[in-house]
Amino acid sequence: MVLGPFLMIAVTVGISYVSANSSSSSHQVAVISDSAVLRKSYLQQHQSGINTKITTTAKAKKAVKANHLAGYLTLDASGTQLRGDYHGSTAMDSGLKAKVQNFLLQYQQLKNYQTAKLTPKQQQALAQTPVLKQHIAAKTGTSNLVKTLSFWVLITMIYIILITYSTIAAQEIASDKGTKIMEIIFSSTTATSYFIGKITGILLVIVTQIVIYICGGWLGYTIAMQNAGIKKLVLANQSLVKGIFHNLFNLNLLYVLLGVVIYTILAAYSGALVAKAEDASKAAQPVIMLSMAGFFIALPFQNNLDAVLVKILSYVPFFSSYFMPMRIINGTAGLGEQIGSLAILLVAIGLFALYIGRQYQRLMLQTDSKNIWQHLFHSRRRS
Amino acid sequence: MLSIQHISKEFGSVKALNDVSFDVPNGQIMGLIGQNGAGKSTTFHSILNFIDYGGSIQWQGHPLSATDFDHIGYLPEERSLMTKLTIEQQIVYLARLKGQSAKVIRPQIDDWLERFAVKGTRKSKINDLSKGNQQKVQLICTLIHQPDLLILDEPFSGLDPVNADLLKQAVLAAKDRGAAIIFSSHDMEHVTALCDQLVMLRKGDVVLHGNLDDVRDQFGKTELFVTTDWTAEHLQALAGVGSVTDRHNHRYVLHLTDASAGPAIFDALTQGHYIEEFSQQPPTLDEIFRLKVGEEHV
């Protein structure tokens, strides 16, 4: 389970690499010209995607027919007008077309200047081009993108973690249900201690897996950065990447963690409530439903964070893990509000764990004839 | 001392325990007997606080609480271990729950495995052990932390006579240490061999309680074991004899209607001569058990 995502990535990258290599030659084009200078000039400007070994039309035709070449470009500079002809089974892709057009334009211009016998000053005057410049308020564009991406990364992360681990937690607890080993354990320690220990164990498993993913991600990033193209892309968007990381590794990460804690406790409670261990798979359903509710309610409000419902839900345990991070990312929640919401969440976790811990022994040993509603409304314990 | 005073428990309309009271002093063994559903396991669950109950249960003069858990050894009726663990991991895990350090427990494991003749090493997986050996590992887990209160629910169930003797020795060793021990059993032979006291439950009520000899004596010395040339018909005809059980080879048990008939029967059988066997005893625990269960159906 831990290695699953890594295997998926490895398989995808592997398939992409093999696919890219096996098809690369058939995507190349050949450049053919009677003018060696013209051909050399083109090849100097554009090297990628060119098969430089083919230099004659006959060879190019043969290669195209054998599907070893996407097509070939003939360049003719014999007259006053430059001419390029592309021969292929499919149309030129837009990138190649733009490159060829640009090259022909530049070369034609040079040829025109030579024909017109213009002085350097006249050539300079004719080379003047208009200027179009965009003036966008500093950082606003990137900042909005950072917020949107951070929002998606965060709530998707919370959602996936909760969905995955709720089931594991519920099954882990339910599988103990009614076993005699529980009698031995409860004759050795209090149910509350055992419950908290069990939850802590499950959380440590979750944290371990998240740490493995972070380390794996970092390793992948380091490897990816050795690729010049990716490095260029990352460096060009460094402020975006930094912004997203900043939004993830702050108070929001605590919300993710506490969200996992409270949902895990609820999942464990659901596991303890099932009638028999065989029903373990059904146990997580209520928790998954609640988690889905949080996720899907959050989606429509990503651009409407001043809504009253968002403000209310950012204080309600189970929902605050989705809604307060949204508000923090967009800067619509002050520090006081963040601390208030966090305090409510922490108190709720404490009370919830204590409440379940007190019922846990009787639920697990099945010595309790009360139903769930009796538990909820008449929670008491003989001292 | 474990002191149980007037405990009652109902499951819906069923009365599982009804005003049950008894004490288990330190260094003594209490046998809890009764038919299935008599309330034995419910009594144990009450002692361990697994269920709510009416009445009072005290250990060493105070209500039993989490602070006493380290001094309790409990063996449930059905055996259950963590099958993915090795013997060592299982024993250490449960001992640590009892407040023992792994450093103290680990060196003792081989001795305990040898003492209970467990077929397997400390590194053997629980899952790979036979049912009997798993049961012995569970017994080790119950005893290794030297508990002061030992609660054993049907400990002899499933054990062959050799292993049952090993368990008896371990229980008697715990008694010698001063532990208070309470166990349930359907096998009256084990109860007779081990118990200082017994309590018999029937549908949640205490129907017998006391020292083993006193309980038997309550029923009078009405069992007469004789070896004689007399026939069963002649023996049946003697005054005070209710029935006769033939034990083969001229050996009989005379069930007396009145224990005082013994001397007259002795005179009649011996007539001043040697007789190989003449022993007047109270009924066995097994017979008392059948008798008490039978009363219910009268």
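At which residue does α3(B) bend, and by about how many degrees? The bend is at I109(B) and amounts to about 40 degrees, a bend being the angle between axes fitted to the seven residues ending at a residue and the seven starting there.

Before I continue, a word on the source. This is a predicted model, in which local features need pLDDT of at least 70 and side-chain atom pairs count only at pLDDT 80 or more, while totals for chains, interfaces and linings use all residues. Residues are numbered from 1 along each chain as its sequence is written, and chains are lettered from A and ligands numbered from 1 in the order in which they are written.

Let me stay with helix α3 of chain B, residues 102–115. Helices here are DSSP runs of H or I with at least four residues, strands are runs of E with at least two, and both are numbered from the N terminus. A residue is buried if 20 or more other C-beta atoms, placed from the backbone, lie within 10 Å of its own, exposed if 12 or fewer do, and partly exposed in between. After α3(B) comes A117(B), with a positive phi near 50 degrees.

I turn to the interface. In it, 20 residues of chain B are in contact with 16 residues of chain A. On the chain B side, β6 (72–75) and α2 are the elements that give two or more residues. By class, that side has 13 nonpolar, three polar and four charged residues. Ala, Val, Leu, Ile, Met, Phe, Trp, Tyr, Cys and Pro count as nonpolar, Asp, Glu, Lys and Arg as charged, and the others, Gly among them, as polar.

Next, chain A. It has 17 helices and three strands, and 27% of its 383 residues count as buried. Of its contacts with a separation of 6 or more, 72% come from residues 24 or more positions apart.

How do helices α11 and α13 of chain A pack? Helix α11 (residues 251–273) and helix α13 (residues 285–298) of chain A pack at an angle of about 150 degrees, with axes 8 Å apart. That makes α11(A) roughly antiparallel to α13(A), the class for angles over 145 degrees. Axes are lines fitted to C-alpha atoms, for helices over the stretch in contact, and angles run from 0 to 180 degrees between N-to-C directions. Y263(A), L266(A), A267(A) and S270(A) in α11(A) meet P286(A), V287(A) and S291(A) in α13(A). This contact has five nonpolar, two polar and no charged residues.

Finally, some individual residues. N67(A), in the loop between α3 (57–65) and β2 (71–76) of chain A, has a positive phi near 65 degrees and is exposed, with 10 other C-beta atoms within 10 Å. In chain B, Q60(B) has a positive phi near 50 degrees, lies in the loop between β4 (54–59) and β5 (62–63), and counts as partly exposed with 14 C-beta neighbours inside 10 Å.

Note on methods: Angles under 35 degrees count as roughly parallel, over 145 as roughly antiparallel, 65 to 115 as roughly perpendicular and the rest as oblique. Two residues are in contact if their C-beta atoms, placed from the backbone, lie within 7 Å. The expected span of a helix is 1.5 Å times one less than its number of residues.
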